[in-house]
Amino acid sequence: MDDPVQPRSADPRPRRRDRHGRGMRGPVAPPQVPLSASRAESFTDLVQDSVERLERRWPQLTEIEFVVLEVPPLGGSDGGDGEWRDEVVPLGGTIAANEGRPARVVIYRRPVEIRTKGRDERAALVHEVVVEQVAELLGLSPESVDPRYGDEE
C-alpha cells in the first residue's frame, strides 16, 4: 500500500476519441453550404439574384449601383428631423445619379425580413421591391421592367 502514485509523463498522449467514445467532432456544416451564411449574406444574395435576372432584359442596369442597408434612415425619404412622416416604413428607395456618382437602388433588409416568413416569400418580395425601384429610376411601369411582376411565383 505504500505504492507512490506515478507522476504523469510530460508528453501528452494523442487523443484518438473524445471521452464519450464517439470520435472527434467536426464542423457542423462545411463553409460552402448555405447553413454557414449569415442572414445578411443570404439577403444580399437574393438581391443579387434579382438584379442578375433583370440585367438580362435591361443591360443598362450594370451602370446602377445596388445597395443593401439594414433599415431606412429615420425621418423618411426627406431626411427630416428624426421623426417618421408616414406610417409606412419603406422597403427600398432610389438615389439619382449626380456629380459622377452612379444612380443607386437601395433595399432595406430588416423591413423586408419582418414582412416575410420563409426564404421563397422573401425572394419574391425582394424581387418585387427591386423591380419597383428600377421602374421608378427608369421612369417606367413595373410591368414593363419585368412582365412577370405581380404574378405569384
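This is a predicted model: local features need pLDDT of at least 70, side-chain atom pairs count only at pLDDT 80 or more; totals for chains, interfaces and linings use all residues.

Residues are numbered from 1 along each chain as its sequence is written, and side-chain values use heavy atoms, with hydrogens and water left out.

**The sheet.** Select the three strands, in the order S1-S3-S2: they make an open sheet with mixed pairing. Strands are DSSP runs of E with at least two residues, helices are runs of H or I with at least four, and both are numbered from the N terminus; two strands pair if DSSP finds at least two bridges between them. S1 (65-69) and S2 (92-95) are the edge strands, each with a single partner, so one side of each has no neighbour in the sheet. On average, neighbouring strands are turned by 20° against each other, direction ignored. S1 and S3 run parallel and are joined by 5 bridges. Show Phe66, which stands opposite Val105 in S3.

Angles run from 0 to 180 degrees between N-to-C directions, with axes fitted to C-alpha atoms, for helices over the stretch in contact.

**One face of H1.** Show Phe43, Leu46, Val47, Ser50, Val51 and Leu54, the buried residues of H1 (buried: under 20% relative accessible area, 1.4 Å probe, protein chains only). Look down the axis of H1: these residues fall within an arc of 130°, so they line one face of the helix. The arc is taken from the directions from the helix axis to the C-beta atoms. They pack against S1, S3, H2 (109-114), H3 and H4.

**The core.** The largest nonpolar core has 21 residues, and those with the most contacts inside it include Val47, Ile107 and Val134. Such a core is a set of buried Ala, Val, Leu, Ile, Met, Phe, Trp, Tyr and Cys residues joined through side-chain atoms within 4.5 Å. H3 gives the largest share, 7 residues. Centre on Val134: beyond four places in sequence, this residue touches Leu54, Leu61, Phe66, Val105 and Val145 (contact: heavy atoms within 4.5 Å).

**Last stop.** Select Asp146, in the segment after H4 (142-145). Is Asp146 buried or exposed? At 9% relative accessibility, Asp146 counts as buried. Leaving aside neighbours within four places in sequence, Asp146 is in contact with Arg53, Leu54, His127 and Val131.

Notes: Buried means under 20% relative accessible area, exposed over 50%, partly exposed in between (1.4 Å probe, protein chains only).
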